[in-house]
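Good morning, and thank you for coming. Please keep the sequence and the structure in view while I speak.

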Amino acid sequence: MTAGEFVYTTYIKTTPERLWEALTDPAFTRRYWGVSFETDWKPGSTITWHEDGPAMADPEQVVLEAEPGRRLSYTWHTFTPEWAKSVGVDEETRLKLMAEPRSTVTFEIEPAGETVGLTVVHTAGETLLGMSRHGWPRVLSGLKTLLETGEPLPAT
């Protein structure tokens, strides 16, 4: 299977430093994403993904790049049976996700006057891209809302 890309850019009234914190601080990511990451954010370090329910760890789930306030890139999480059950993904879809190449997500942070441009590039297989096209706008809207108002979006 080949990989494709989902690219999304938004502008947030914040600083590059505050946006970096929002992307890497577990207490922050849990508020707008419902996910937290356990890592030291150094290239090559593994990432343990904590979502509602089980933690997901894998030696191939790693930080690729980490330039505070500029760029963050890591491999996407592992699709375990426990994860699928906790988020309502059926086994057939989970197996399709597992058959795809491991995906990567890259956050590019760029000052833009009184705002900061955030571009997210998620490189993934067809099944995950289909799911991500619906998930990323909600996650990024939640991030923007939290940074600009101090409050997360209401749960859906």
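Predicted model: local features only at pLDDT ≥ 70, side-chain atom pairs only at ≥ 80, totals over all residues.

Three strands make up an open sheet in the order 2-3-4, and their pairing is antiparallel. A word on terms: helices (H or I, at least four residues) and strands (E, at least two) are DSSP runs, numbered from the N terminus, and two strands pair if DSSP finds at least two bridges between them. Strand 2 (36-38) and strand 4 (55-56) each have a single partner strand and stand at the edges, so one side of each is left without a neighbour in the sheet. Strand 3, residues 48-50, is joined to strand 4 by two bridges. Within this pairing, Trp-49 has Met-56 in strand 4 as its bridge partner.

Residues are numbered from 1 along each chain as its sequence is written, and side-chain values use heavy atoms, with hydrogens and water left out.

Strand 6 (residues 71-75) pairs with strand 7 (residues 104-112) in the antiparallel sense over five bridges. Here Tyr-74 stands opposite Val-105 in strand 7. Val-105 in turn stands opposite His-122 in strand 8. Strand 7 and strand 8 (residues 115-124) are also antiparallel, with nine bridges. These two strands form a hairpin with two residues between them, and Gly-113 in the turn has a positive phi of about 70°.

What kind of aromatic pair do Trp-41 and Tyr-74 form? Rings of Phe, Tyr and Trp (its six-membered ring) pair if their centres lie within 6.5 Å; planes under 30 degrees apart count as stacked, over 60 as edge-to-face and the rest as tilted. By this rule there are 16 aromatic pairs. The pair of Trp-41 and Tyr-74 is tilted, at 5.7 Å centre to centre with 50° between the planes. Trp-41 lies in the loop between strand 2 and strand 3 and Tyr-74 in strand 6, so the pair ties together parts that are 33 residues apart in sequence.
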